[in-house]
Amino acid sequence: MALWIRNPLAVLAEDAGGGIVIDGSRIVELVPSGKTPQHPGAEVFDASEHVVLPGLINTHHHFFQTLCRAHELARDKELFPWLTALYPHWSRVDRDMFRLGARLALAELLLSGCTTAMDHNYMVYGGMEDATDIEVEEARALGIRATITRGSLSLSKKDGMVPEDNMVQDEDTILADSERVLKRYHDTSDGAMIQIALAPCAPFNVGKRVMRESATLAETHDCRLHTHLAETMDEEAYCKQVFGYRPIDWLEDCHWLQPRVWLAHGVHFTPEDCRKLGHHGVGVCHCPTSNAVLASGFCKTLDLEAAGSPVGLGVDGSASNDASNLIEEVRHALMVNRLGYGSSQRITHRDALRWATKGSARCLDRSDIGEIAVGKQADLAMFKLDELRYSGSHDPIAALVHCGASRADRVMVAGNWRVIDGLIPGFDARKLMAEHSAAARRLMP
Ligand SMILES: [Zn+2]
């Protein structure tokens with residue numbers, strides 16, 4: 001039976017003041033203010049206390065890092081010393097810890113209004129060969145949409161790099177397993193719940209053959225490509241020293257200056273880099289909190305968008321955020337961009353919400369999500385303004401961002417309620433927290 005989300009307090013959609021009609025997994029009608037649906041016999045959900053947003057879409061994360069939050073080794077450092085401090089601990093993550101980290105990150109995202117999760121997982125090594133499969137299982141169990149990447153590390157301490165030697169795989173193994181998980185899980189159909197992308201980790205820990213052959217595999221299997229790029233000036237110095245050129249030249253050399261690619265961070269791009277990325281349709285995931293915590297800088301979101309690049313939003317891993325909360329990230333995106341660009345650019349809460357919805361959908365090359373419109377998937381994030389922080393607020397949509405929303409009241413994914421009254425039905429959060437925090441203490445005593 002169809003469902004009419006009736007008369008929302010506010011909705012981020014054109015001409016839908018009277019609500020949204022859902023049938024199956026899709027939005028079938030937008031109802032103008034004061035009207036009733038043309039769709040017959042719809043069941044009614046009274047949304048008069050809800051602010052309704054398109055489901056938020058995360059485009060960069062490392063789920064397992066929820067085990068490393070606010071640890072003294074990770075705090076108050078820039079990227080390279082942070083990585084050097086953490087990799088020895090990461091090398092001891094086992095399958096059980098990894099599964100708990102993923103489950104917790106996914107639940108936290110869902111409760112924050114995220115309907116499409118993403119993980120950039122490079123933790124695929126001896127004993128962890130089925131890490132991609134574990135993440136797919138956990139996303140399916142929660143009913144959240146997800147792009148899971150098959151990440152990779154091929155250069156380690158023995159090559160003069162930072163990852164521990166047990167964390168890398170040889171290039172043939174990486175490429176063979178990339179093909180395995182693409183064949184097994186990657187769904188290119190409209191409304192897909194699980195997609196796979198290929199995500200070699202970064203210029204300083206993966207070889208060019210993996211990059212180039214991943215691009216070939218992506219062409220064959222019609223999937224996206226993702227990596228970290230231009231996060232810090234240390235990375236730029238590394239590229240100049242080792243390759244004799246800058247990170248964007250490495251991207252080009254690896255055949256990755258193309259529209260299948262979206263990058264994490266993209267902080268240190270020149271105006272010429274932005275033009276080049278835009279020209280080639282390369283997307284960028286902006287990670288404002290992580291960039292602020294590691295003092296990396298800020299992404300030139302408006303310049304990239306103006307040049308033609310999709311710009312999405314990501315919480316990044318929980319060793320550098322340390323939350324997996326996407327609606328909070330929207331607020332941080334507004335603040336960081338205001339600081340970075342100054343007041344003359346008039347960046348508003350709607351820009352930050354656009355990055356977390358339409359922009360992120362473009363990064364993942366999804367035309368079926370990211371927007372409340374007829375024919376799109378019924379992915380919704382619904383918030384109540386019934387906390388002290390909202391009292392006295394005027395514009396309900398601006399209030400979510402400016403007053404600091406952190407938890408959705410209702411979340412719908414593909415027409416199914418996955419969060420009701422701020423809780424995930426059938427999900428024992430207390431039990432998970434007990435197991436997850438015990439795993440975190442085992443990993444980083
Ligand atoms: Zn990252």
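Visitor: How much of the chain counts as buried?
Guide: This is a predicted model, and in it 61% of the 445 residues count as buried.

Visitor: Okay, what is the chain built from? How many helices and strands?
Guide: There are 14 helices and 17 strands. As for contacts, take those with a separation of 6 or more: 75% of them are between residues 24 or more positions apart.

Visitor: Switching to the metal. Which residues coordinate the zinc ion?
Guide: His 60, His 62 and His 228 each use their NE2 atom, and Asp 316 uses OD, at 2.1 to 2.6 Å.

Visitor: How are those donor residues spaced in sequence?
Guide: The pattern is H-x1-H-x165-H-x87-D. His 62 lies in the loop between β7 (56-57) and α1 (79-90), while Asp 316 is in the loop between β14 (311-313) and α11 (326-341), so this pair ties together parts that are 254 residues apart in sequence.

Visitor: Are His 62 and Asp 316 buried or exposed?
Guide: His 62 is buried, at a relative accessible area of 3%. Asp 316 is buried too, at 4%. The cut-off for buried is under 20%, so each of these values qualifies.

Visitor: Is the zinc site tetrahedral or irregular?
Guide: Irregular: the angles among the four donor atoms run from 86 to 174 degrees. To count as tetrahedral, all angles must lie between 85 and 135 degrees, so a value of 174 degrees rules that out. For four tetrahedral donors the ideal angle is 109.5 degrees.

Visitor: Let's do sheets. What's the strand order in the open sheet of five strands?
Guide: The order is β2-β6-β15-β16-β17, and the pairing is mixed. β2 (10-11) and β17 (416-419) stand at the edges with a single partner strand each, so one side of each has no neighbour in the sheet.

Visitor: How do β6 and β15 run?
Guide: They run antiparallel, with five bridges joining β6 (residues 50-54) to β15 (residues 380-384). Within that pair, Val 52 stands opposite Met 382.

Visitor: And which strands does β1 pair with?
Guide: β1 (residues 3-6) pairs with β5 (residues 43-46) in the parallel sense, over four bridges. β1 also pairs with β3 (residues 19-23), this time in the antiparallel sense and again over four bridges.

Visitor: Now the backbone. Where's the cis peptide bond?
Guide: The cis bond joins Asn 321 and Asp 322, with omega at about 5 degrees. Asp 322 sits in the loop between β14 and α11, which is also the loop of Asp 316.

Visitor: Which residues have a positive phi although they're not glycine?
Guide: Among them are Asp 76, at about 60 degrees, and Ala 295, at about 55 degrees. Asp 76 is in the loop between β7 and α1, and Ala 295 is in the loop between α9 (288-293) and α10 (301-307).

Visitor: Are those two buried or exposed?
Guide: Asp 76 is exposed, with a relative accessible area of 75%. Ala 295 counts as exposed as well, at 53%.

Notes. Residues numbered from 1 in each chain as written. Predicted model: local features only at pLDDT ≥ 70, side-chain atom pairs only at ≥ 80, totals over all residues. Heavy atoms only, no water. Donors = N, O, S within 2.8 Å, 3.2 Å for Na, K, Ca; no water. Tetrahedral: all angles 85-135°; square planar, octahedral: opposite > 155°, others 65-115°. Helix = DSSP H or I, 4+ residues; strand = E, 2+ residues; numbered from the N terminus. Buried < 20%, exposed > 50% of the residue type's maximum accessible area, 1.4 Å probe, protein only. Contact = heavy atoms within 4.5 Å. Pairing = 2+ DSSP bridges.
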